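Subject: Structure handover

Hello,

Here is the structure for you to look over. Please open it alongside this note.

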Amino acid sequence: MIENLEYYKVFYYVGKNKSITAAAKELMISQPAVSQSIHQLEKALGCSLFKRTSRGMKFTAEGGLLYRYVERGVESIDLGQQRLKQLQHLEAGEVRIGASDMTLRFFLLPYLEKFHEQYPGIKVTVTNGPTPETLEYLSDDRIDFGVISTPFSPGENRSDVEGATSSGRIDEKLNTAAFVGKEGLTYFPVAKIEDVFVAGRRFIQYKNRMMDFADLEKVPLILLEGNSSTRSYIDGFLSDHGVTIQPEFELSTSDMIVQFALRNLGVGCVVKNFAQEYLDSGVLFELRFNSVLPKRQICVVSDDSRPLSIAAARLLSLIKESGGNLR
């Protein structure tokens, strides 16, 4: 292989222009420098690549063969440089995000709208899944960052989470146990969420009544399936309060829980945002308890051991700059 690849670049421009003078002008070097580069390349390859004619430089058979390969290489490099410039100027690229239905709908969506308005050439891919799956996607490098809800794993220290969220001290204690063995993962909280139990007219006897969490053992419950941070949190919280539940229905989405509650099939447990419309209209009501179910956090998590793409870093900056307040 020729050590000085610049010779091939000169060869390409001479062949493209069929002129040493035109090649020198395009390369912004002297004509003798172009001639010398062609001479050195021919010497290294052991064959003539051009012959001079009245119409300029013409390929020899060997030169024509070589040019077909060099042309593809040089043009691929040029295309790569153009593509890189597009990425650097956020005219192209891709952002891969992991999010649940809840974090996408009630936090991430306005950021994606604004980001798309500013950078319409960037492709955004959202992989939908509960928090445990999102963390797996991040570890497997299938997403650039995730938008998840606490708790991050079923085995974490819930008392730390409750103490941190109720006092606002979320920097140091928020689900740090979830990151054991996951070096490089960092996160920051962006919004608070509130879990509520909601019901319709069939359960009107519970409206405006102060209940104990143990009362939930007496009513048909509608909960999310087990593989979610929400279900993990509710199960753990109730267990810590000595309450054992056997849900009547276990559903895959919070929207379906609300629909089941609207049809009086049981008492549904959802993040309050999902039921807010029906709570405001009075079709559903929120059950009240004599103990507080602490609010949780929506967090953005990324892997600092891998560099983010320029596009992903820009979207992450947009989220940080807003302080989680974009609506």
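Below is what was found in it, region by region.

Please keep in mind that this is a predicted model.

Start with H2 and H3. Helix H2 covers residues 20-27 and helix H3 covers residues 31-45. Their axes are 8 Å apart and meet at an angle of about 110°. That makes H2 roughly perpendicular to H3. On the H2 side, the contact uses Ile20, Thr21 and Ala24. On the H3 side, it uses Gln31, Val34 and Ser35. By type, the residues of this contact are three nonpolar, three polar and no charged.

Isoleucine 20 deserves a look of its own. This residue lies in helix H2. Is isoleucine 20 buried or exposed? Its relative accessibility is 11%, so isoleucine 20 counts as buried. Leaving aside neighbours within four places in sequence, isoleucine 20 touches Val14, Gln31, Val34, Ser35, Arg52 and Met57. Alanine 33 is 13 residues away along the chain, and its C-alpha atom is 9.7 Å from that of isoleucine 20.

Most residues other than glycine have a negative phi. Lysine 18 is not a glycine, yet its phi is positive, at about 55°. Lysine 18 sits in the loop between helix H1 (6-17) and H2. With 47% relative accessibility, lysine 18 counts as partly exposed. Methionine 28 also has a positive phi, near 60°. Its place is the loop between H2 and H3. Methionine 28 counts as exposed, at 73% relative accessibility.

**The sheet around E5**

Next, an open sheet of five strands. The order is E4-E3-E5-E14-E6, and the pairing is mixed. Strand E4 (123-128) and strand E6 (185-193) are the edge strands, each pairing on one side only. From one strand to the next, the twist averages 20°.

Strands of a sheet pair through backbone hydrogen bonds, either parallel or antiparallel. Strand E3 (residues 94-99) and strand E5 (residues 145-149) pair in the parallel sense, over three bridges. Glycine 98 is opposite glycine 146 in E5. E5 and E14 run antiparallel, joined by five bridges. There, glycine 146 has valine 301 of E14 as its bridge partner.

How many residues of E5 are buried? Five of the five are, so E5 is largely enclosed by the rest of the structure. In a regular strand the side chains alternate between the two faces of the sheet. In E5, Phe145, Val147 and Ser149 point one way. Gly146 and Ile148 point the other way.

Helix H5 (residues 101-118) lies across E3, E4, E5, E6 and strand E14 (296-303). H5 runs at about 160° to E3.

Most peptide bonds are trans. The bond joining threonine 150 and proline 151 is cis, with omega about 0°. Proline 151 is in the loop between E5 and helix H7 (158-167).

**The nonpolar cores**

The largest nonpolar core has 42 residues. Which of them touch the most other members? They are Val95, Phe107, Leu108, Phe145, Val147 and Leu315. Take leucine 315: beyond its neighbours within four places in sequence, its contacts are Val95, Ile97, Tyr111, Leu112, Phe115 and Phe145. Another core, of 22 residues, lies apart from the largest one. Its members include Phe213, Leu216, Tyr233 and Val243.

**The other sheet**

There is also an open sheet of five strands in the order E10-E9-E11-E7-E12. Its pairing is mixed. Strand E10 (249-251) and strand E12 (285-286) stand at the edges. Each has a single partner strand, so one side of each is left without a neighbour in the sheet.

Strand E9 (residues 221-224) pairs with strand E11 (residues 267-271) in the parallel sense, over two bridges. Isoleucine 222 stands opposite glycine 268 in E11. Helix H10 (residues 254-262) lies across strand E7 (195-199), E9, E10 and E11. H10 runs at about 170° to E9.

Best regards

Methods. Residues numbered from 1 in each chain as written. Predicted model: local features only at pLDDT ≥ 70, side-chain atom pairs only at ≥ 80, totals over all residues. Heavy atoms only, no water. Axes fitted to C-alpha atoms, helices over the stretch in contact; angles between N-to-C directions. Helix = DSSP H or I, 4+ residues; strand = E, 2+ residues; numbered from the N terminus. Parallel < 35°, antiparallel > 145°, perpendicular 65-115°, else oblique. Contact = heavy atoms within 4.5 Å. Nonpolar A, V, L, I, M, F, W, Y, C, P; charged D, E, K, R; others polar. Pairing = 2+ DSSP bridges. Core = buried A, V, L, I, M, F, W, Y, C linked by side-chain atoms within 4.5 Å. Buried < 20%, exposed > 50% of the residue type's maximum accessible area, 1.4 Å probe, protein only.
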